[in-house]
Each structure stands twice: as structure tokens, then as C-alpha cells.
Amino acid sequence: SKREIKMRKLDSTKVRPLKSEQFLRIEDHDFALRPGFGGSPIPVGIDVQVESIDSISEVDMDFTMTLYLRHYWKDERLSFRSNRNKSMTFDGRLIKKIWVPDVFFVHSKRSFIHDTTVENVMLRVYPDGNVLFSLRITVSAMCFMDFSRFPLDTQNCSLELESYAYNEDDLMLYWKHGNKSLSTDGHISLSQFFIEEFSASSGLAFYSSTGWYNRLFINFALRRHIFFFVLQSYFPAMLMVMLSWVSFWIDRRAVPARVSLGITTVLTMSTIMTGVSASMPQVSYIKAVDVYLWFSFLFVFLSVIEYAAVNYLTTIEERKQLKKRGKASGMYSIDAVQAMAFDGCFRDTDVDVDLTAFSERCEENDIRARAASVSNVDTTRIKRKRSLKGNVGRIILQNNHVIDTYSRIIFPSVYIVFNFFYWGLYI
């Protein structure tokens, strides 16, 4: 007839069955029992398509993944006769009336089935009783991360699937197509990680109360992007260490300049370390970034201690010179040291101010300040400025302590060696 010819032109999977073929005889069976109850375990095949990895959290040590989870098994109680339909497809309303595998995610924290605009569940039944059950799920699960090499680390995480009620005597979980059972969308990308590989594996899990269970694993390896941490942590730390070396080239009597520079670099390093620690879990072992930042902090701190030693030894040296020459009293020598330490006006004998005649010049200055005219004072200042301008480099070199001279070489050399050792060890 014309009706039959028209129906043949349609897709055979879309042909509407007759009333006698719509009935799956659900009410004739007890679907509270698994297929083949009392016999051999029912095989349930699994395949997974990963849609996206939504987030990786180092603080919570977990990951969130959206995937399509598909189950394959055979239930002869759902078989039907049909010469036209290759299968029948149903939504989630039929799931509550038949038996389905009770697969759950081991170590999951939270998960849900998407329900927009309706619940994302599909059930497809074939005439011979084969069943395809598909879900779209988002799951957050634990990932036991090792941060000993952070941020130069590679994390291996896995999502584990297992039956909750049926052990290996009742249900056998397996990958439907072997290693090809796990597929991913090509556009999956993460902000902080490269996805190196996805793989599927299987094993057994033992529980002392209930026995052995089949367990399936979705394994994936994540390698961290290092460039972000180079810009945010490593490069600023390098700059702070090198900035602290500027102190070695500043006159040892410029106390405010050298002290303020040292304190600023120490506080900045502390801020960098605090920012890195705030975004990480409070683990009890040392991370790679901790090693680098603490060593950098140590270099900055030692530069401050270096100037403290230089200043102290310089003070002792000046006091000894004043006592040796016997030109000033004890109280006067203290005033001279204070002048050297705070206002930067005191100079060695190599500079244009003579240390041996320091007291005599102070008296002469008092007399000249009272008797000399303004023009003579201006002439003296001009001559002094000209002499300083011509000998600035020589004065700076001559006024540096021997510790500063060695520090200019030792600090950069040791830091360069440390960087070669660090990057060679962790990369």
C-alpha cells in the first residue's frame, strides 16, 4: 500500500512501532533483580567521552570534569520483536522502572546529572535486549597531588568508577572498546596546565565487609605552565636580589640610603612569599618554589647583615684612629663617629678632609663663620664642589670597605651558581 511504501522511505530507527510492539513487558518482570540473577556475573561495558575539564584546584586538591558516561549490557527481559525498528529510544522516565547499573565515582566530592532543559539521560533498547544507557555528568573528585616540585610539577589524576552494590560475583565492569573506550574533545584546554595524556585502565578494589569489586580508571596527566609563575614569582624575586646588590656600590657612610634599600627589598621578598603561599595548600613538605624564594630571601637578608658588619667595623676603625692620634677626647670621638654615621659629612684621610686636624678645623670654621664675609664662604664652597666633582669615583672606591669589595663578587657568583643548580635539578 502507499502507506507502507512511505514508511519504508523513512529511517528505520524512526519508524513508529505498532501497539503490539510498543509494549516491553515491564510489568511481567521483577526489575529489582539484576539480569541473570543467581547465575554468572552480568558484564557491563563502559565508555566515556570527556567534554571538558572545568577546573583544577590546588588548594582543595580536586578537579571538576564534565563527561558523557555510557553503559552497555544485555537484559533479555527488555527484548521485543520488531521487523522495522532497529531500536527504541527513551528518556529518563523509564529509568526508574527498569534495572540499571549502580555505577558511582570513587573519591568524588560532588556530582550531578545535567537537567537543562530536561534531565540529560538517554536509554536505547535493541530488539535482542541489548541496552545503551547514557548520562551527561559533571563530577568533582579528589586528586592526590604532590607539590614537592611545584610549579615545575606534573600532576597525575584519575577518576575511578565502580559498582556500589554488586561485587565481582554479580557484576563485571569493563571498558567496552579497550583503550579506545576513552575519548576527548580536541578543544579541551586549561589555563595553568597542558594535558599530556588520557588513558583508561582497570583493576580490583577490596573491601573487608563486602569483597572484591571491579574498578575502572580514567587517568590523565597535567603538566603545569611555568611562564605564569616566572612572571609572578621568579622574575620579581630575581630583581629584588639584584636590587639588594646595589647597596654594595653605595658609600658605606650613606646609612639612610643603604638601610632603607635593604629593608625595602626584605619586605618586598616577604610579600612575594606570602602571595605564593596564600594560593597553595598548607602542606607539610617543602615545595620547589619555597626553595627558590627562601634562598632569594636569604641573599637579600645577608646583604642587610653585610652592611651592618661594614658599618660596625667602620665605626670601630674610626674610633681606633682617633684614639691613636690623640687629637680628640673620648666624647669628641663619639661626636665624630655620630657625624660619620648619620649625616655623611665625615671623611677618611684620603679624602679632602684631614682627620688628624678635625678638631682644629672645627674651631677654625667657627672663627671664619664669624669673621669671614659671604663672598669668601661662597668661594670655599665652589672650590670644594669642584674638587668633589672631579674625584667622585675615586672617593667612592676609597671609602668602600673591603667587605663591600668582596661582596660585589661573591654575592652574584653564588646566586648564579644557585640558579644553575636549581633549574638543572627541577627542569
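Biologist: Is Cys143 buried or exposed, and at what relative accessibility?
Modeller: The model is a predicted one. Buried means under 20% relative accessible area. Cys143 falls under that cut-off, so the residue counts as buried, at a relative accessibility of 2%.

Biologist: Which residue forms a disulfide with Cys143?
Modeller: The count for the structure comes to 1 disulfide. A pair of cysteine sulfur atoms has to lie within 2.5 Å. The sulfur atom 1.9 Å from that of Cys143 belongs to Cys157.

Biologist: What is the handedness of the disulfide?
Modeller: The torsion about the S-S bond of Cys143 and Cys157 decides this. Its value is about -80 degrees, so the disulfide is left-handed.

Biologist: Where is Thr117, which a cis peptide bond joins to Thr116?
Modeller: The bond between Thr116 and Thr117 is cis, with omega about -5 degrees. As for its place in the chain, Thr117 is found in the loop between β5 (108-113) and β6.

Biologist: How far is Met122 from Phe90, C-alpha to C-alpha?
Modeller: Met122 lies in strand β6 (residues 121-125) and is partly exposed, with a relative accessible area of 23%. Leaving aside neighbours within four places in sequence, its contacts are Thr89, Phe90, Leu132, Phe133 and Ser134. Met122 and Phe90 are 32 residues apart in sequence, and their C-alpha distance is 6.1 Å.

Biologist: How many aromatic pairs does the whole structure hold, and what is the geometry of Phe63 with Phe220?
Modeller: A search of the whole structure finds 27 aromatic pairs. In the pair of Phe63 and Phe220, the ring centres are 5.1 Å apart. Their planes stand at 85 degrees, so the geometry is edge-to-face.

Biologist: How many residues apart are Phe63 and Phe220?
Modeller: Phe63 is in strand β2 (residues 62-74) and Phe220 in strand β12 (residues 211-224), so the pair links distant parts of the chain. Both Phe63 and Phe220 are buried. Their separation is 157 residues.

Biologist: What kind of pair do Trp73 and Phe133 make, and which strands hold them?
Modeller: The planes of Trp73 and Phe133 are at 85 degrees and the centres 6.4 Å apart, so the pair is edge-to-face. Trp73 is buried, as is Phe133. The parts tied together are 60 residues apart in sequence, because Trp73 lies in strand β2 and Phe133 in strand β7 (residues 130-142).

Biologist: Which residues touch the most other members of the largest nonpolar core?
Modeller: That core has 78 residues. Val48 belongs to the group in question, and leaving aside neighbours within four places in sequence, its contacts include Leu67, Leu69, Trp175 and Ile218. The residues touching the most other members are Ile46, Val48, Phe63 and Leu159.

Biologist: How far apart are the end C-alpha atoms of residues 292-314?
Modeller: The unreviewed UniProt entry annotates this span as a transmembrane region, along with 226-249, 261-280 and 409-426. Residues 226-249 are 79% helix and 0% strand, with end C-alpha atoms 34 Å apart. Residues 292-314 are 100% helix and 0% strand, and the distance between their end C-alpha atoms is 33 Å.

Biologist: Which ring does the charged end of Arg408 sit over?
Modeller: A charge over a ring must be within 6 Å of the ring centre. The charged end of Arg408 is 3.9 Å from the centre of a ring, and that ring belongs to Trp249.

Notes: Residues are numbered from 1 along each chain as its sequence is written. This is a predicted model: local features need pLDDT of at least 70, side-chain atom pairs count only at pLDDT 80 or more; totals for chains, interfaces and linings use all residues. Side-chain values use heavy atoms; hydrogens and water are left out. Rings of Phe, Tyr and Trp (its six-membered ring) pair if their centres lie within 6.5 Å; planes under 30 degrees apart count as stacked, over 60 as edge-to-face and the rest as tilted. Helices (H or I, at least four residues) and strands (E, at least two) are DSSP runs, numbered from the N terminus. Buried means under 20% relative accessible area, exposed over 50%, partly exposed in between (1.4 Å probe, protein chains only). A charge sits over a ring if NZ of Lys or CZ of Arg is within 6 Å of the ring centre and within 35 degrees of the ring normal. A nonpolar core is a set of buried Ala, Val, Leu, Ile, Met, Phe, Trp, Tyr and Cys residues joined through side-chain atoms within 4.5 Å. Contact means heavy atoms within 4.5 Å. UniProt positions are given in the numbering used here, feature names are shortened, and annotations may be inferred rather than shown by experiment.
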